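Reader: Please give me a close look at the part where the chains meet, with the cut-offs behind each term. I would also like some of the surroundings for context.

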Amino acid sequence: MSRSPGRKQENHKISRELFVLTYGALVAQLCKDYEKDEDVNACLDRMGYSIGIRLIDDFLARSAVKKCRSYSETADMIAQVAFKMYLGVTPSVSCSSAAGNEFSLILDKNPLVDFVEELPVERASLCYCNLLCGVIRGALEMVHLAAEVSFLQDRLKGDAVTEIGITFLRKPEDRKHRR
Amino acid sequence: MAVCIAVIAKENYPLYIRSVPTENELKFHYTVHTSLDVVDEKISAMGKALVDQRELYLGLLYPTEDYKVYGYVTNSKVKFVMVVDSSNTALRDNSHSSMFRKLHNSYTDIMCNPFYNPGDRIQSRAFDTMVNSMMMQVC
């Protein structure tokens with residue numbers, strides 16, 4: 001699956017409904033398999049992680065972006081290029097710490113929850129889109145950026161917007177030693 | 001302008017039934033139940049040869065002295081039955097068809113919810129809102 005820049009990119013499109021329904025079926029099946037919400041969340045995170053470590057190469061090949069020089073550039077790249085490429089939405093980025101290593105992506109439209117009205121009563125603490133957190137974490141790890149990613153707000157749980165928080169764990173100065 | 005709307009599953013049990021004047025609910029349940037026979041008759045009368053051109057909207061099932069009953073069946077044999085007040089003659093036949101289409105669309109949205117198991121009772125706020133809007137047009 002090598003993609004040379006000269007070759008015309010074939011963007012295979014699939015039906016959005018198929019993707020959303022597949023994800024929904026995945027979450028529903030996990031809910032049947034595990035009793036506790038934390039187990040389901042952890043499982044989704046693990047799955048997302050394995051997707052992320054593979055997806056990063058596809059992303060870098062298709063987008064041909066330059067190396068990011070700062071954490072805020074990285075967060076912008078995730079929001080404006082990666083989310084746009086794979087989900088078709090562009091979350092807005094905001095930096096929420098003075099140290100410059102905590103960011104939040106605010107999604108006003110989340111295509112994965114198109115058909116889900118609200119979480120079932122017995123699954124109140126389920127993070128429905130936890131797969132996305134795993135994907136971001138896995139992808140960042142493959143470019144040597146350790147990060148913690150989690151949902152800070154979730155529309156399915158009654159909050160106003162869906163907010164994903166990314167916390168980069170190493171300080172920016174540590175990156176210099178890799179030269 | 002409907003007074004009662006019901007969604008019936010393939011096995012002829014109700015998935016959702018809602019009527020506006022709640023004191024006579026049992027009477028509406030009975031009306032809907034008896035209309036199921038008429039629905040089955042209409043489906044079988046269409047014949048196997050015409051299955052391709054089968055219309056989903058069945059039209060007026062039968063009139064009683066106070067009410068008219070309209071039916072709609074989907075390709076998965078889920079039936080929608082609507083009981084309308086006879087005194088409301090303002091409604092045209094087209095609008096019944098469009099109301100059923102709206103019901104059908106809301107029903108498919110519910111089916112797409114991954115936490116909904118087909119065959120369960122329908123407990124969706126969006127569906128309730130849509131049905132309320134159809135029934136409240138009377139006022």
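Author: What follows treats the contact between the chains, and then a few sites and overall features.

This is a predicted model, in which local features need pLDDT of at least 70 and side-chain atom pairs count only at pLDDT 80 or more, while totals for chains, interfaces and linings use all residues. Residues are numbered from 1 along each chain as its sequence is written, chains are lettered from A and ligands numbered from 1 in the order in which they are written, and side-chain values use heavy atoms, with hydrogens and water left out.

The contact draws on 14 residues from chain A and 8 residues from chain B, where contact means heavy atoms within 4.5 Å. Between the chains about 900 Å² is buried, 62% of it given by carbon and sulfur atoms; buried area is the accessible area (1.4 Å probe) that two parts lose on being put together, summed over both. On the side of chain B, the residues that lose the most area to chain A are B:Cys112, B:Pro114 and B:Phe115, which together account for 62% of what that side buries.

As for charged groups, the count between the chains is 1 salt bridge, a term for a side-chain nitrogen of Lys or Arg within 4 Å of a carboxyl oxygen of Asp or Glu. A:Glu118 forms a salt bridge with B:Arg125, and their closest N and O atoms are 2.4 Å apart. Helix 2 (93-112) and helix 3 (125-135) of chain B each supply at least two residues of the side that touches chain A. Helices (H or I, at least four residues) and strands (E, at least two) are DSSP runs, numbered from the N terminus.

Turning to chain A itself, A:Arg123 is found in the loop between strand 2 (102-107) and helix 4 (130-142). With a relative accessible area of 9%, A:Arg123 is buried, since buried means under 20% relative accessible area, exposed over 50%, and partly exposed in between (1.4 Å probe, protein chains only). A polar atom of the side chain of A:Arg123 lies 3.2 Å from the backbone oxygen of A:Glu35. Apart from neighbours within four places in sequence, A:Arg123 has contacts that include A:Cys31, A:Tyr34 and A:Val40.

A:Ala64, by comparison, sits in the loop between helix 2 (37-63) and helix 3 (71-86) of chain A, and A:Ala64 is exposed at a relative accessible area of 62%. The phi of A:Ala64 is near 50°, a positive value in a residue other than glycine. In chain B, B:Asn12 likewise has a positive phi, of about 65°, although it is not a glycine; B:Asn12 lies in the loop between strand 1 (2-8) and strand 2 (14-19) and counts as partly exposed at 32% relative accessibility.

How values were computed. Polar contact = N/O pair within 3.5 Å; in protein donor to acceptor, adjacent residues only side chain to side chain.
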